[in-house]
Amino acid sequence: MAETDQERTEDPTEKRKQQAREKGQIARSKEMGTAFVLVSAAVAFMWFGGALFDGLRSVFQTFFTLDRQQAFDPNKMYEAFAIAFGEIIWPILIIFAFILVFTFFGNSWLGGINFAWKAMAPKFSRMSPLNGFKRMFGVQALVELVKGLAKFLVVAVSAFLLLAWQYDNILQISMGQMPNMMANALDILLWMFLLLCCSIFLIVVIDAPFQLWKHQKDLRMTKQEVKDEHKDSEGSPEVKGRIRRLQMEMANRRMMQEVPKADVVVTNPTHYAVALKYEDNGARAPVVLAKGSDETAAKIREIALEYDIPLVQSPALARSIYHTTELEQEIPQGLFVAVAQVLAYVYQLKMHKKGKAKRPKKPASDLPIPDDLKY
């Protein structure tokens with residue numbers, strides 16, 4: 001069982017993946033980035049190479065038409081350099097920008113964009129000769145060697161097939177005339193370069209899924225690691241129990257602060273206690289301010305006696321309100337009649353204490369409570 005727990009058989013959790021991204025550990029395919037750089041360079045020269053060629057031709061024309069006097073005149077040379085720079089700078093910037101965009105896309109396609117400051121920190125373990133030998137003769141080095149040989153074979157075979165395909169056209173170049181001969185040669189060269197770069201995508205098709213699989217495999221977790229992470233995120237049972245106790249204590253303290261506002265406390269008389277408040281301002285029904293059993297009920301009765309709040313013993317009504325009504329909620333409609341009799345008794349008791357009425361009789365022990373609300 002212990003060996004099973006130590007095997008990395010579980011898929012990585014979202015937390016583990018996030019931690020890996022923060023460390024810079026994401027799936028990356030260097031072959032994909034290389035392929036995008038080369039292909040975008042070929043496409044950029046095919047699309048914008050004409051503008052660059054025109055700029056270079058203008059530069060050569062400018063410098064080759066200078067006479068001896070102009071060549072030794074600094075002002076003329078500065079002017080010539082400004083013209084040359086203006087002719088070639090924009091085609092070069094466009095080509096570089098095109099390559100840069102596709103380079104960024106190719107390197108971020110697999111694994112997304114990620115900025116990891118931890119990955120930029122120096123790692124002294126890489127300076128260790130022993131670790132260096134391990135990397136040189138490890139499994140990863142073997143994989144890189146196989147990929148290097150595969151790239152060499154793919155590029156070599158692709159170059160041979162392309163040369164065989166364009167063999168007749170290459171021979172015909174020498175029979176052409178300038179400048180058409182140079183234009184045909186450049187056209188053939190660019191197309192061969194583009195197709196040769198596209199051949200690297202054969203390696204990418206294999207390398208990208210392999211890098212995703214390897215990244216997922218490296219992040220796999222043992223069952224114990226999953227349990228520990230769940231415990232850290234959710235909290236141990238002891239900590240959660242203590243938090244619940246503290247929350248209940250805080251709730252009870254807030255509830256006890258509401259008891260002095262009650263009009264009456266209905267008791268069991270010892271096991272249950274419910275504090276009710278009725279606002280005679282159009283409210284629909286009395287509201288439960290506090291309720292509790294055993295020790296909590298005893299505390300409610302103690303506060304009620306301290307603040308001279310009437311205690312009415314009605315076991316059935318106390319149990320019914322306790323089980324059917326939550327704090328700050330109105331009592332059920334089925335208990336209106338029973339609670340009304342209790343509130344009427346409380347009102348008459350207040351009048352009696354003021355000397356305005358006789359002492360009222362206590363409410364009947366069998367107050368009307370529907371069967372579905374009896375507990």
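A disulfide is a pair of cysteine sulfur atoms within 2.5 Å. The model shown here is predicted, so local features need pLDDT of at least 70 and side-chain atom pairs count only at pLDDT 80 or more, while totals for chains, interfaces and linings use all residues. Residues are numbered from 1 along each chain as its sequence is written, and side-chain values use heavy atoms, with hydrogens and water left out.

**Figure 1. The cysteines C197 and C198.** The sulfur of C197 has its closest cysteine sulfur in C198, 7.0 Å away, which is too far for a bond. C198 is likewise in no disulfide, and a search of the whole structure finds 0 of them. C197 is buried, at 3% relative accessibility, whereas C198 is partly exposed, at 33% relative accessible area. Here buried means under 20% relative accessible area, exposed means over 50%, and partly exposed is in between (1.4 Å probe, protein chains only).

**Figure 2. The whole chain, for orientation.** There are 16 helices and 4 strands in the chain; these are DSSP runs, with helices being H or I of at least four residues and strands E of at least two, numbered from the N terminus. Of its 375 residues, 30% count as buried. Among contacts with a separation of 6 or more, 75% come from residues 24 or more positions apart, where contact means heavy atoms within 4.5 Å.

**Figure 3. Helix 3 against helix 11.** The axes of helix 3 (residues 30-64) and helix 11 (residues 201-218) come within 8 Å and cross at roughly 155 degrees. Axes are lines fitted to C-alpha atoms, for helices over the stretch in contact, and angles run from 0 to 180 degrees between N-to-C directions. Helix 3 and helix 11 are therefore roughly antiparallel; angles over 145 degrees count as roughly antiparallel, under 35 as roughly parallel, 65 to 115 as roughly perpendicular and the rest as oblique. The crossing of helix 3 past helix 11 is left-handed, that is, the near helix is turned anticlockwise from the far one by less than a right angle. On the helix 3 side, K30, E31, M32, A35, F36 and V39 meet F201, I203, V204, D207 and A208 of helix 11. By class, the residues of this contact are 8 nonpolar, no polar and 3 charged. Nonpolar covers Ala, Val, Leu, Ile, Met, Phe, Trp, Tyr, Cys and Pro, charged covers Asp, Glu, Lys and Arg, and polar the others, Gly among them.

**Figure 4. Helix 3 against helix 5.** The axis of helix 3 also comes within 8 Å of that of helix 5 (residues 74-108), with a crossing of roughly 170 degrees. Helix 3 and helix 5 are therefore roughly antiparallel to each other. Their contact has 28 nonpolar, 8 polar and 1 charged residues.

**Figure 5. Positive phi at D294 and D308.** D294 is not a glycine, yet has a positive phi of about 55 degrees. D294 sits in the loop between strand 3 (287-293) and helix 14 (295-306) and is partly exposed, with a relative accessible area of 47%. Phi of D308 is also positive, near 60 degrees. D308 belongs to the loop between helix 14 and strand 4 (311-313) and is exposed, at 54%.

Figure 6. Not counting residues up to four places away in sequence, Y322 touches Y272, V274, K291, G292 and S293. V274 is 48 residues from Y322 in sequence, with a C-alpha to C-alpha distance of 6.6 Å.
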